[in-house]
Amino acid sequence: MSSVGPPVIETVGLTKRYRDTDALVDLDLVVSPGEVVGYLGPNGAGKTTTIRLLLGLIRATSGSARLFGLDCRRDVVAVHRHLAYVGGETSLWPGLTGAETLHLLGRVQGSVDVGYRDVLTERFSLDPTMKVRAYSKGNRQKLVLISALMARPDLLVLDEPTAGLDPLMERAFRLCVAEARDRGQTVFLSSHILSEVEALCDRVGILREGRLVELGTMAELRHLSARTVEATFDGPVPALDGVPGVSSVVVDGHVLHCDVRGPVGPLLQALAGAGVTGLLSREPSLEELFLARYGGAAGPPASPGTPSPPSSTASAETTGSRVADRRGD
Ligand code: ATP
């Protein structure tokens with residue numbers, strides 16, 4: 001990460017209101033060069049609205065959005081020289097082949113790393129001789145991804161880029177993002193796939209009802225959920241009453257399960273003095289963090305960095321590792 005020059009993304013009080021819908025409220029966000037930032041939230045949280053504001057496609061109700069120090073709307077042409085964008089659904093020319101489409105999109109991008117384009121075409125197993133109309137949805141998505149990646153832009157703005165890709169292609173995509181990061185490119189990635197965000201991103205922002213409710217590294221977000229501990233004893237299981245941070249204690253024969261928040265030292269001391277013979281400890285996954293934020297009882301919204309009870313109106317659940325909105329349930 002470099003501290004030289006303006007941030008790649010900088011929004012201050014960025015707000016978009018549609019009639020009676022607050023699509024995005026007071027977004028303050030700074031993304032530095034070389035960062036990979038994940039942007040999560042249930043359906044309708046405001047992810048695409050943020051991206052459309054960054055791309056200069058819609059006008060903010062208030063606040064500002066700058067990319068590379070340039071105003072996203074006023075300097076839209078200059079801004080787009082630095083970035084490539086992939087959305088979930090892109091309209092392409094059905095009568096062109098994949099190769100022709102990449103050629104055309106490459107002309108629009110301005111510069112293409114032809115060698116990398118060929119690597120990507122092979123990596124994504126795309127047949128470039130086929131007409132776009134004959135491609136499946138996943139193949140059309142690969143084409144758009146390749147066109148964005150082959151430009152090696154300073155900033156990749158990816159709005160649910162792996163929608164429609166199978167697990168093998170998802171893995172190919174992850175490799176591409178890792179390569180982009182290694183080259184110092186910046187990536188802003190909106191996703192419903194928690195494992196994808198967890199694997200790829202330096203920092204994660206969580207949006208709810210247009211508000212950024214969490215922003216931090218995975219380590220910083222772990223305060224949302226406890227670490228799980230399983231300990232096995234050769235004798236009786238000790239009582240853990242009064243051990244700081246310990247909750248949800250369940251004893252099953254010689255095996256003890258519990259959660260611990262904060263420092264684990266006091267728990268380890270209690271276990272060590274009781275003849276522990278086996279110990280498993282696991283950090284929460286992003287999925288568990290997300291459920292800790294959205295998966296329980298109702299509560300008021302919170303500001304970034306402030307854990308709060310989840311709200312039933314914005315509650316979400318995960319199906320596999322995909323975040324699903326429950327409001328229509
Ligand atoms: P998803 O995960 O479903 O794509 P999202 O987080 O990208 O959701 P947005 O598309 O940004 O959510 O929508 C945020 C809110 O703004 C939603 O309530 C949506 O209905 C509303 N909204 C978005 N675009 C418009 C529009 N053009 N007119 C009116 N309301 C809109």
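Biologist: Which residue takes a positive phi just after α1?
Modeller: This is a predicted model, in which local features need pLDDT of at least 70 and side-chain atom pairs count only at pLDDT 80 or more, while totals for chains, interfaces and linings use all residues. Residues are numbered from 1 along each chain as its sequence is written. Helices (H or I, at least four residues) and strands (E, at least two) are DSSP runs, numbered from the N terminus. Just after α1, a positive phi of about 75° is found at Gly56.

Biologist: How many of the 8 residues of helix α1 are buried?
Modeller: A residue is buried if 20 or more other C-beta atoms, placed from the backbone, lie within 10 Å of its own, exposed if 12 or fewer, and partly exposed in between. Lys47, Thr49, Thr50, Ile51, Leu53 and Leu54 are buried in α1. Helix α1 (residues 47–54) is largely enclosed by the rest of the structure, because its count of buried residues is 6.

Biologist: Which element gives the most to the shell around the ligand?
Modeller: A residue is near a molecule if its C-beta atom, placed from the backbone, lies within 6 Å of it. The residues around the ligand include Tyr18, Thr21, Ala23, Gly44, Lys47, Thr48 and Thr49. Both β2 (21–31) and α1 supply at least two residues of this shell. With 3 residues, the element that gives the most is α1.

Biologist: How many residues of the shell around the ligand are polar?
Modeller: Ala, Val, Leu, Ile, Met, Phe, Trp, Tyr, Cys and Pro count as nonpolar, Asp, Glu, Lys and Arg as charged, and the others, Gly among them, as polar. The shell holds 3 nonpolar residues and 1 charged residue, and its number of polar residues is 7.

Biologist: Which strand pairs with β9 in the antiparallel sense?
Modeller: Two strands pair if DSSP finds at least two bridges between them. Strand β9 (residues 203–208) has 5 of its 6 residues buried. Its pairing with strand β3 (residues 36–40) is parallel, over 4 bridges, and Gly38 has Val204 as bridge partner. The antiparallel pairing of β9, over 5 bridges, is with strand β10.

Biologist: Which residue in the turn between β9 and β10 has a positive phi?
Modeller: Across this pair of strands, the bridge partner of Ile206 is Glu214 in β10. The two strands form a hairpin with 2 residues between them, and the positive phi in the turn, about 45°, belongs to Glu209.

Biologist: Why does Leu212 count as buried?
Modeller: Leu212 lies in strand β10. Leu212 counts as buried because its number of C-beta neighbours inside 10 Å is 24.

Biologist: Which strand runs parallel to β7 and is joined to it by 5 bridges?
Modeller: All 5 residues of strand β7 (residues 155–159) are buried; Leu155, Val157 and Asp159 point one way, and Leu156 and Leu158 the other. Strand β6 (residues 83–86) pairs with β7 in the parallel sense over 4 bridges, with Ala84 and Leu156 as bridge partners. The parallel strand joined to β7 by 5 bridges is β8.

Biologist: How many residues does the largest nonpolar core hold?
Modeller: A nonpolar core is a set of buried Ala, Val, Leu, Ile, Met, Phe, Trp, Tyr and Cys residues joined through C-beta atoms within 7 Å. Contact between two residues likewise requires C-beta atoms, placed from the backbone, within 7 Å. Not counting residues up to four places away in sequence, Phe188 touches Ile9, Val31, Val37, Tyr39, Leu155, Val157 and Leu158. Val157, Phe188 and Leu189 touch the most other members of the largest core, whose size in residues is 69.

Biologist: Which helix packs on the open sheet of 4 strands?
Modeller: The sheet has the order β12-β13-β11-β14 with antiparallel pairing. Its edge strands, β12 (246–252) and β14 (276–282), each have a single partner strand, so one side of each is left without a neighbour in the sheet. The twist averages 15° from one strand to the next, with axes fitted to C-alpha atoms and angles taken from 0 to 180 degrees between N-to-C directions, for helices over the stretch in contact. Touching β11, β12, β13 and β14, and with a direction at about 160° to that of β14, the helix packed on the sheet is α9.
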